[in-house]
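Open the structure in your viewer and keep the selection tool ready. This tour goes stop by stop.

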Amino acid sequence: MVGFFSKPSLKSRNTIFTLGQRGGILSPAELEGPILVPHTAQRGDSRYPYETLFRSQHYALLDNGCREYLFLSDFFMVTGNSALDLFNSIMGKTLSMFLKSMSTYVSDCYDSIAVFLCIHIILRFRAITAKRTIPALDKYWEAVLELLWPRFELILEMNIHSIRNTDPQKLGVLDTRPHYITRRYAEFSSAIVSINQTFPNERTHTLLGQLQVEVENFVLKMAAEFPSRRDQLIFLINNYDMLLSVLMERAADDSKEVEGFQQLLLARTQEFIEEILSPPFGGMIAFVKEAEALMEKGQLDRLKNDEARITQLVRGFSSTWKQSVESMSQDVMRSFTNFKNGTSIIQGALTQLIQYYHGFHKVLNQPTFRSLAVRSELINLHHLMVEVKKHKPNF
């Protein structure tokens, strides 16, 4: 389960819930490729996942079942229910044996990706027999799906409960980097989403939605373990960014999972930008917000006696902004595991800083402050933008 297992080793961390090349089984080339011959396959050292054996067995069944049905129909000159009864009298025991074997395996299977791939193999094989207008295996396909769907849903529900019941305080040392449980979820969810896109199933969408809610809650619970809001935000951003990176490798950009985490990442990034701008530039930002609120009410004159405060803000910004921006940039790049994401945050912070300074200019250009001598010491906005660009990290 996503939440229960102990922390994976470095060797296995990236593969536990990853679809990898397994999804290729659903491509036309592999789906209708040559079947595995047992005695030949046993001579090699290759090991096959369950869905590969399942595909081979059922493609052999599909091919031989169609041929058998056509032969019986032609040789005995029967159609409809008579043809189906004759087919079942010959193939019935074989089909029953297949179902019994699958039932034994599925009852003790926790590989949800294997089960889901098998479901989609059957959905495609059913489409093939429908296209050939051969109804001989229709009931068998339905019986297989009635075995696989409940097991798949049960495993998904178990994953949901495993996340819900995970205690953050039992997961070891706090770290602002992406958590291994969120990585497991991202790999698992992206695998299911990518497989589900071709034959969408609403029940699967619903369960994935529930799993996403539990993961969002888990990430928030883990973040709450950090004492400072700054570290909480770094943890949230690193995890949301990693989730998006993995999901977008396989899921569509407009999928519910991608859209949900994009909104969360944007909101926490904006909050973090305000958080890192506050220590070096908080005084100016607070003055701009206060002055703009008073301007809307026509009460800016209430600040006309704040000359000492304004003078300190203007001179303080001019003397320290370069050092503050450099320090802020280095701090951000150390905090985020994704270089591209860190760069984007720095660019967002610098853009926000310019907007605040533009607001500072706008306030001091009002009649209330035009007589202040310190206005001449304001940095030219265009010059500031040119200088700020020098501090943006380059790829």
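How many salt bridges does a search of the whole structure find? The search finds 19. A salt bridge here is a side-chain nitrogen of Lys or Arg within 4 Å of a carboxyl oxygen of Asp or Glu. Side chains of opposite charge can pair when their charged atoms come close.

Before you select anything, note the ground rules. This is a predicted model, in which local features need pLDDT of at least 70 and side-chain atom pairs count only at pLDDT 80 or more, while totals for chains, interfaces and linings use all residues. Residues are numbered from 1 along each chain as its sequence is written, and side-chain values use heavy atoms, leaving out hydrogens and water.

**Stop 1: Arg22 and Glu51**

Select Arg22 and Glu51. Their side chains form a salt bridge, 2.7 Å from N to O. Arg22 sits in the segment before helix H1 (28-31) and Glu51 in helix H3 (residues 50-75), so the pair ties together parts that are 29 residues apart in sequence. Helices are DSSP runs (H or I, at least four residues), numbered from the N terminus.

Is Glu51 buried or exposed? Glu51 is buried, at 1% relative accessible area. Arg22 is partly exposed, at 23%. The cut-offs: buried is under 20% relative accessible area, exposed is over 50%, and partly exposed lies in between (1.4 Å probe, protein chains only).

**Stop 2: along helix H10**

Go to helix H10 (residues 256-297) and pick Arg268 and Glu271. The two are three residues apart, about one turn of the helix. Their side chains meet in a salt bridge of 3.1 Å, N to O. Glu271 is partly exposed, with a relative accessible area of 26%. Arg268 is partly exposed too, with 21%.

Now select Glu290 and Arg309. Their closest N and O atoms are 3.2 Å apart, in a salt bridge. Glu290 lies in H10 and Arg309 in helix H11 (residues 307-335), so this pair ties together parts that are 19 residues apart in sequence. Glu290 is partly exposed at 34% relative accessible area. Arg309 is partly exposed at 27%.

**Stop 3: a network**

Which residues are linked in a network of salt bridges? Select Arg230, Asp231, Asp331 and Arg334 to see the network.

**Stop 4: H7 against H9**

Show helix H7 (residues 180-196) and helix H9 (residues 229-250). Two packed helices are described by the angle between their axes and the distance between the axes. Here the axes come within 8 Å and cross at roughly 25 degrees. That makes H7 roughly parallel to H9. An axis is a line fitted to C-alpha atoms over the stretch in contact, with angles from 0 to 180 degrees between N-to-C directions; roughly parallel means under 35 degrees.

Next, colour the contact residues (heavy atoms within 4.5 Å). On H7, they include Thr182, Tyr185, Ala186 and Ser190. On H9, they include Asn239, Met242, Leu243 and Arg250.

**Stop 5: two last residues**

Stay in helix H9 and select Ser245. Ser245 is partly exposed, with a relative accessible area of 36%. Ser245 and Asn338 are 93 residues apart in sequence and 9.7 Å apart in space, C-alpha to C-alpha.

Finish in helix H11 with Trp321. Trp321 is buried, at 4% relative accessible area. Trp321 and Thr343 are 22 residues apart in sequence, and their C-alpha atoms are 19 Å apart in space.

Technical notes
Angles under 35 degrees count as roughly parallel, over 145 as roughly antiparallel, 65 to 115 as roughly perpendicular and the rest as oblique.
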